[in-house]
Amino acid sequence: MENVTTMDEFLLLGLTGVQELQPLFFGIFLIIYLINLIGNGSILVMVGLEPQLHSPMYFFLGNLSCLDICYSSVTLPKLLVNLVSTRRAISFLGCITQLHFFHFLGSTEAILLAIMAFDRFVAICNPLRYTVIMNPQVCILLASGAWLISFFYALMHSVMTAHLSFCGCQKLNHFFCDVKPLLELACSNTLLNQWLLSIVTGSISMGGFFLTLLSYFYIIGFLLFKNRSCRILHKALSTCASHFMVVCLFYGPVGLTYIRPASATFMIQDRIMAIIYSTVTPVLNPLIYTLRNKEVMMALKKIFGRNLFKDWQQHH
């Protein structure tokens with residue numbers, strides 16, 4: 001097949017052209033990335049090691065933590081390197097690969113957040129049938145479906161973008177390779193790409209958002225009318241509010257970024273939105289979804305207590 005692109009590489013303009021701010025940004029994003037790795041890595045270890053966390057809820061949380069580590073790793077290491085480099089080039093193949101994995105992992109997270117909300121809906125509104133409905137086979141099927149659908153969705157974008165003709169300017173007005181900045185550089189017809197970006201990406205992000213919202217409304221409605229315990233209702237509202245904050249931080253910027261047509265006018269806003277859903281949300285997820293949970297805190301104490309006891313035995 002003929003290679004229609006004239007580009008061998010792109011130059012990422014990054015977050016800012018102000019040299020004095022780059023060391024500051026490097027420090028901030030390095031700390032964020034390390035917190036992400038430690039926080040989500042700890043969740044993965046706990047879910048794997050502790051039998052008390054071997055339930056559907058924590059199975060999905062483990063998937064989410066794995067996703068958050070991979071999702072940030074698609075963009076942040078390259079951003080950190082570019083912040084201390086004079087030449088911020090990325091090869092054409094590297095650019096398309098980054099684009100593919102960014103959309104693959106981002107879409108998987110959007111679907112997984114909706115699945116997690118459904119899991120909580122079943123657990124609270126239909127507790128007697130919870131273990132039957134959310135059996136291990138169903139959980140694996142749901143998680144596998146999220147990963148598989150997202151892979152082919154991302155493949156659509158990466159193939160369609162790779163077959164565009166690029167000519168003229170090499171400068172990509174972003175800190176990573178994404179569809180919209182690449183469409184700005186294309187000199188061939190991008191109408192189909194724009195349509196796919198707005199309709200398909202918008203449907204996945206907004207569809208997941210509304211399913212999550214619907215699950216929360218059902219949970220609150222069920223507890224309000226069926227279970228009139230103020231303590232249980234307060235606990236559910238607190239949990240839903242926390243989860244909903246993370247959901248809004250993820251779905252909101254994604255929807256605003258990809259539903260709107262590609263335009264150089266909105267590139268600064270798009271970069272800010274991308275920072276929120278690719279760096280901030282993955283750091284908040286372990287704090288809000290798990291570290292506020294009593295079972296997780298008990299597992300943490302158990303693991304650290306066990307390790308401290310082993311260290312004490314070795315030294316005595």
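Of the 316 residues of the chain, 47% count as buried, where buried means under 20% relative accessible area with a 1.4 Å probe, protein chains only. The model is predicted, so local features need pLDDT of at least 70 and side-chain atom pairs count only at pLDDT 80 or more, while totals for chains, interfaces and linings use all residues. Residues are numbered from 1 along each chain as its sequence is written, and side-chain values use heavy atoms, with hydrogens and water left out.

The secondary structure comes to ten helices and three strands. Helices (H or I, at least four residues) and strands (E, at least two) are DSSP runs, numbered from the N terminus. Along the sequence the pattern is β-α-α-β-α-α-α-β-α-α-α-α-α. Among contacts (heavy atoms within 4.5 Å) between residues at least 6 apart in sequence, 82% join residues at least 24 apart.

Helix α3 (residues 92-125) has 34 residues and reaches 50 Å from its first C-alpha to its last, close to the expected 50 Å at 1.5 Å a residue; the expected span is 1.5 Å times one less than the number of residues. In α3, 27 of the 34 residues are buried, so the helix is largely enclosed by the rest of the structure.

Two packed helices are described by the angle between their axes and the distance between the axes. Axes are lines fitted to C-alpha atoms, for helices over the stretch in contact, and angles run from 0 to 180 degrees between N-to-C directions.

Helix α5 (residues 136-162) and helix α2 (residues 56-83) have axes that come within 10 Å and cross at roughly 20 degrees. That makes α2 roughly parallel to α5, the term for angles under 35 degrees. The contact involves Pro56, Phe59, Phe60, Asn63 and Leu67 of α2, and Cys139, Ile140, Leu142, Ala143 and Trp147 of α5. By class, this contact has nine nonpolar, one polar and no charged residues.

Helix α5 also packs against helix α7 (residues 191-225), at an angle of about 165 degrees and with the axes 11 Å apart. That makes α5 roughly antiparallel to α7, the term for angles over 145 degrees. On the α5 side, Tyr153, Met156, His157, Met160 and Thr161 meet residues of α7 including Leu192, Asn193 and Leu196.

Asp178 is found in the loop between β3 (171-172) and α6 (179-185). Asp178 is buried, with a relative accessible area of 2%. Asp178 and Phe102 are 76 residues apart in sequence and 7.9 Å apart in space, C-alpha to C-alpha.

Definitions and conventions: Parallel < 35°, antiparallel > 145°, perpendicular 65-115°, else oblique. Nonpolar A, V, L, I, M, F, W, Y, C, P; charged D, E, K, R; others polar. Buried < 20%, exposed > 50% of the residue type's maximum accessible area, 1.4 Å probe, protein only.
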